[in-house]
Amino acid sequence: MLDQAIIHFDKALRTVFAPAMTVRPVPGNDLPDAPLDEDEKRHAAALMRVNHCGEICAQALYQGQALMSKDESIRKALEQASQEETEHLAWTEQRIAELGGRKSLLNPLWYGSSLAVGMLAGRFGDRWNLGFLAETERQVESHLHGHLERLPTEDRKSRAIVEQMKADEISHANTAVRLGANELPAPVKGLMKLFSRVMTETVYRV
């Protein structure tokens with residue numbers, strides 16, 4: 001039990017504070033930098049900061065859900081999704097730096113709250129656990145779609161990253177459904193959207 005606690009504490013520290021690693025090439029890495037003005041750079045960096053924080057939250061959610069799951073296949077699905085989310089962390093982190101921005105100062109807070117939510121979701125059983133995963137990914141996919149509409153058209157590097165993240169989130173949602181996810185009640189979906197809105201509006205500025 002102590003070994004597992006140490007492992008998960010180490011994962012939390014690495015997620016929040018250490019540079020993330022990626023196996024896949026960074027999407028759009030071979031594209032030229034667009035001639036963005038300072039306002040466009042600040043706006044794009046803030047949107048990518050929101051996306052980076054969203055991936056911090058995803059890591060914590062998956063960790064909490066995996067801790068509570070009793071099904072090996074579901075734990076493996078969560079671990080696979082978590083690995084791809086780690087790559088998203090690396091991609092958004094690199095792009096934030098290229099745009100001259102910074103990561104959210106509140107990342108430890110968002111990680112802790114998301115870990116608690118993930119563990120709570122896991123306590124209701126694997127089908128509800130998967131339902132929470134599927135709905136999370138659907139909302140993130142919608143959120144990323146909105147960012148594609150808000151990013152400067154010329155910022156092809158950021159847009160390539162967001163496009164690949166969007167495709168991965170759709171795949172994660174489909175995997176959860178395939179494994180037997182329950183559809184969440186409308187009030188729960190509404191609370192998830194409210195939490196997401198508070199996070200995105202705060203992180204855009206902080």
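**Entry 1: E87**

I began with E87, which is buried, with a relative accessible area of 4%. I note at the outset that the model is predicted. Burial is counted here as under 20% relative accessible area, so the 4% of E87 falls within that class. I then looked up the place of E87 and found this residue in helix 3.

Next I asked which residues E87 touches, not counting those up to four places away in sequence. The list holds M21, T22, V23 and R24. With T22, the side chain of E87 makes a polar contact of 3.5 Å. I also looked up P25: its C-alpha atom is 9.3 Å from that of E87, although the two residues are 62 apart along the chain.

**Entry 2: the partner of E87**

In general, side chains of opposite charge can pair when their charged atoms come close. I found E87 in a salt bridge with R24, with 2.6 Å between the closest N and O atoms. Because E87 belongs to helix 3 and R24 to the loop between helix 1 (2–17) and helix 2, this pair ties together parts that are 63 residues apart in sequence.

How many salt bridges does the structure hold? I noted ten. One of them joins R95 and D155, whose closest N and O atoms are 2.7 Å apart. R95 lies in helix 3 and D155 in the loop between helix 5 and helix 6, so parts 60 residues apart in sequence are tied together by this pair. R95 is buried at a relative accessible area of 3%, and D155 is also counted as buried, at 0%.

I then found that R95 and D155 belong to a network of salt bridges that links them with D33 and E98.

Another salt bridge is formed by the side chains of E141 and K166, at 3.5 Å from N to O. Since E141 is in helix 5 and K166 in helix 6, the pair ties together parts that are 25 residues apart in sequence. K166 is buried, with a relative accessible area of 16%.

In soluble globular proteins, nonpolar side chains tend to be buried together.

L120, F124 and W128 make a nonpolar patch of about 340 Å². Where is F124 found? I placed F124 in the loop between helix 4 (107–122) and helix 5 (126–150). F124 has a relative accessible area of 57%; because the cut-off for exposed is over 50%, F124 counts as exposed.

How values were computed. Residues are numbered from 1 along each chain as its sequence is written. This is a predicted model: local features need pLDDT of at least 70, side-chain atom pairs count only at pLDDT 80 or more; totals for chains, interfaces and linings use all residues. Side-chain values use heavy atoms; hydrogens and water are left out. Patches are made of residues with over 30% relative accessible area and no salt bridge: like charges are joined within 9 Å, nonpolar side chains (Val, Leu, Ile, Met, Phe, Trp, Tyr) within 5 Å. Accessible areas come from the Shrake-Rupley method with a 1.4 Å probe; for residues, only the protein chains shown count as cover. A salt bridge is a side-chain nitrogen of Lys or Arg within 4 Å of a carboxyl oxygen of Asp or Glu. Helices (H or I, at least four residues) and strands (E, at least two) are DSSP runs, numbered from the N terminus. Buried means under 20% relative accessible area, exposed over 50%, partly exposed in between (1.4 Å probe, protein chains only). Contact means heavy atoms within 4.5 Å. A polar contact is a pair of N or O atoms within 3.5 Å; within protein, one must be able to donate a hydrogen and the other to accept it, and residues adjacent in sequence count only if both atoms are side-chain atoms.
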